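The sequence and the structure are shown below.

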Amino acid sequence: MTARERFGLLLTTVSLVLWAGGLAVLGALVAPRVFLHSGLARADAAAVMAPVFLGFDRWVQLLMAILIAGEFLRLGAGARPRALINLNVALLVVLLAAGAASTLGTNPQIDQLRRAGAHRGEGPTGARLEQMHGMSERLGRAQAMLALLALGLAWIPSRPVRAPRDAGN
């Protein structure tokens with residue numbers, strides 16, 4: 001593996017670990033604490049968490065760019081089987097699409113509804129907020145799983161390059 005490929009693998013690894021880890025920390029630790037155990041009213045908890053989620057979305061956009069750079073540097077890496085490359089590309093396209101849908105679509109819409117005074121389960125805007133929130137949760141879980149799968153694929157070793165056989169032996 002060349003220095004370029006190692007650096008690409010480093011970028012890919014860091015971006016995927018931070019992306020999946022950030023989703024896990026926010027979804028499994030931070031949000032439940034703020035919404036369920038802080039003593040804040042749901043609307044107040046949402047006001048606290050909205051900038052956190054939107055800030056994380058900006059990080060995800062940066063991590064997507066780092067991931068693309070890392071994968072670009074890994075292009076032509078060693079002797080990775082074509083099927084592995086194709087699977088990796090397909091997985092990353094779906095991961096990046098889910099990240100874009102979340103950071104550019106679903107989550108900004110949730111924030112707009114919240115700012116407009118929507119409350120989950122209350123009236124048509126509340127129903128829309130509930131629907132968008134469910135979509136955001138599904139996209140987040142999908143991103144975390146896809147990022148972990150992509151991380152595993154990134155670390156599958158290339159086939160070793162075999163030394164040519166000595167014709168004299």
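Where in H3 is the kink centred? The kink in H3, of about 40 degrees, is centred on Ser-102; the bend at a residue is the angle between axes fitted to the seven residues ending there and the seven starting there.

The model is a predicted one, in which local features need pLDDT of at least 70 and side-chain atom pairs count only at pLDDT 80 or more, while totals for chains, interfaces and linings use all residues. Residues are numbered from 1 along each chain as its sequence is written, and side-chain values use heavy atoms, with hydrogens and water left out.

**Overall form**

The protein chain has four helices and zero strands, and its pattern along the sequence is α-α-α-α. Helices (H or I, at least four residues) and strands (E, at least two) are DSSP runs, numbered from the N terminus. The C-alpha trace spans about 85 × 25 × 20 Å along its principal axes. The radius of gyration of the protein chain is 21 Å, whereas a compact globule of 169 residues would have a value near 15 Å; the radius is taken over C-alpha atoms, and the globule rule is 2.2 Å times the number of residues to the power 0.38. Of the 169 residues, 38% are buried, where buried means under 20% relative accessible area, exposed over 50%, and partly exposed in between, with a 1.4 Å probe and protein chains only.

H1 has 35 residues and reaches 48 Å from its first C-alpha to its last, close to the 51 Å expected at 1.5 Å a residue. The expected span of a helix is 1.5 Å times one less than its number of residues. A kink of about 35 degrees in H1 is centred on Leu-26, and H1 is followed by Gly-39, whose phi is positive, near 85 degrees.

For H3, the 34 residues should span 50 Å at 1.5 Å a residue, and the 48 Å between its end C-alpha atoms agrees with this. Gly-117, with a positive phi near 95 degrees, follows H3. Arg-114 lies in helix H3 and counts as partly exposed because its relative accessibility is 25%. The C-alpha atoms of Arg-114 and Val-60 are separated by 21 Å, and these residues are 54 residues apart along the chain.

**Pockets**

On a 1 Å grid over the protein atoms alone, a pocket is an open set of points, where a 1.4 Å probe fits, with protein on both sides within 12 Å along at least five of seven lines; lining residues have an atom within 4 Å of a point. A volume is the space filled by probe spheres set on the points, which are joined across faces, edges and corners.

| Pocket | Volume | Helix giving the most to the lining |
|---|---|---|
| Largest pocket | About 980 Å³ | H2, nine residues |
| Second largest pocket | About 230 Å³ | H3, six residues |

The largest pocket is lined by 33 residues, and Phe-35, Phe-53, His-133, Ser-136 and Glu-137 lie nearest its centre. Helices H1 (3–37), H2 (42–74), H3 (82–115) and H4 (123–154) each give two or more residues to this lining. By class, the lining of the largest pocket has 17 nonpolar, nine polar and seven charged residues. Ala, Val, Leu, Ile, Met, Phe, Trp, Tyr, Cys and Pro count as nonpolar, Asp, Glu, Lys and Arg as charged, and the others, Gly among them, as polar.

The lining of the second largest pocket has nine nonpolar, two polar and two charged residues, and H2 and H3 each supply at least two residues of it.
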